Amino acid sequence: MERYGIHLLALSHVYMVTQLKQRCSKGVVQRLTTENVVDVLQLARLCDAPDVCLRSMRLIHSQFKTVEQTEGWKFIQEHDPFLELDILQFIDDAESRKKRRRRHRKEQDLYMQLSEAMECIEHICTQGCTLVGPSNVVDNNKKSMTAEKSEPCKAFSTCYGLQLLIRHFAVCKRRNNDKGCLRCKRMLQLFRLHSLICDQPDSCRVPLCRQFRKRGEQDKKMGEDTKWKLLVTRVVSAKAMTSLCQSKKNKCEQAQGV
C-alpha cells in the first residue's frame, strides 16, 4: 500500500474490483500529506472516489498555506483552473459554515443566559437573594422583627448583576427623562421578556409582569411583535434544553452514587 496504493486505486477502478478499491481508498487516505494531497485529489476525481476527495479537500483546507507552496498546487494553477476553482469554493464554503456555527453558538449562549436571567428574576422576586427581594420575617425572643435574607442562588454571578440592575431601576431619576437610562431600558426589556414567558401572571410577583401583559393585549402591535415572539420561543427552548441536560446530569450522578 505504501508503494503501490495510488496505482492499485486506479487499477481497481478501471477493472471494477470494488473491495480492492475500498481498501486502497482507506490506505491512500491514511497516507495523505501536504505534498501529495493535490495529486491524490486529481486521481480520486478521475477514479470516482468521493471519500478520498472529501478527505483531500479537508486536508487542503486545514493546511492551505503549506499546500500553496507545493508543486502540485502550482501545476493545477497552470493546467487545471477548474479544479483550483473547486478547491477555493470548498474552502470558502467551509469557512462560511464555520462562521455560521460560531454565530449559532453565540446565539445559543445568549439564549441560555437570558433563560438563566429569567429564572433569577423569579428567584429574586419570590424568594429573595443577597441584596434584593422579599425577606422572611423572624420573631426573636426579644420580640424584635428582623429580616433574614435567602442564601445566594446557584447562578450567583447572573443573579448578583440582576440585583444591582433592580436596585438601580428602583431609584434611578433618569428613567423617565427624554433621553432615558440605558440600564433602566435593559431592565424593562428583561421585565417584558419575563411577562411574555410567565405562565402565571395573576400570581406573579415580578414587577410590571401584569402591566406588560395588559399592554400586550391592548396594543396589537406590541402583542404581535415578530422579533419578541422569536426571542421568547428561543429562550423557552433554551430553558427546556437546560432543564433536560440538568435532569440527565442528575440521573448520571445518582447512577454513579448507587
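Which residues have the most contacts inside the largest nonpolar core? They are Ile121, Leu162, Met187, Leu190, Phe191 and Leu193, in a core of 31 residues. By nonpolar core I mean a set of buried Ala, Val, Leu, Ile, Met, Phe, Trp, Tyr and Cys residues joined through side-chain atoms within 4.5 Å. Buried is under 20% relative accessible area, exposed is over 50%, and partly exposed lies in between, with a 1.4 Å probe and protein chains only.

Some conditions. This is a predicted model, where local features need pLDDT of at least 70 and side-chain atom pairs count only at pLDDT 80 or more, while totals for chains, interfaces and linings use all residues. Residues are numbered from 1 along each chain as its sequence is written, and side-chain values use heavy atoms, with hydrogens and water left out.

Back to the core of 31 residues. At least two of its residues come from each of α7, α8 (156-171), α9, α10 (209-218) and α12 (226-257). The largest share, eight residues, is from α7. Helices here are DSSP runs of H or I with at least four residues, strands are runs of E with at least two, and both are numbered from the N terminus.

Contact means heavy atoms within 4.5 Å. There is also a second, separate core of 26 residues, including Cys24, Val28, Ile60 and Val67.

Next, helix packing. The axes of α7 (residues 81-126) and α9 (residues 182-197) come within 10 Å and cross at roughly 85°. Axes are lines fitted to C-alpha atoms, for helices over the stretch in contact, and angles run from 0 to 180 degrees between N-to-C directions. The pair is therefore roughly perpendicular, a label for 65 to 115 degrees; under 35 is roughly parallel, over 145 roughly antiparallel, and the rest oblique. On the α7 side the contact has Leu114, Met118, Ile121 and Glu122; on the α9 side, Met187, Leu190, Phe191, Leu193, His194 and Ile197.

Helix α3 (residues 37-46) packs on α7 at about 105°, with the axes 12 Å apart. Leu41, Gln42 and Arg45 of α3 meet Leu83, Asp86 and Ile87 of α7.

Last, the cysteines. How many disulfides are there? The count is zero, with a disulfide defined as a pair of cysteine sulfur atoms within 2.5 Å. The sulfurs of cysteine 172 and cysteine 184 are 3.6 Å apart, too far for a bond. Cysteine 172 is buried at 14% relative accessibility, and cysteine 184 is buried at 1%.
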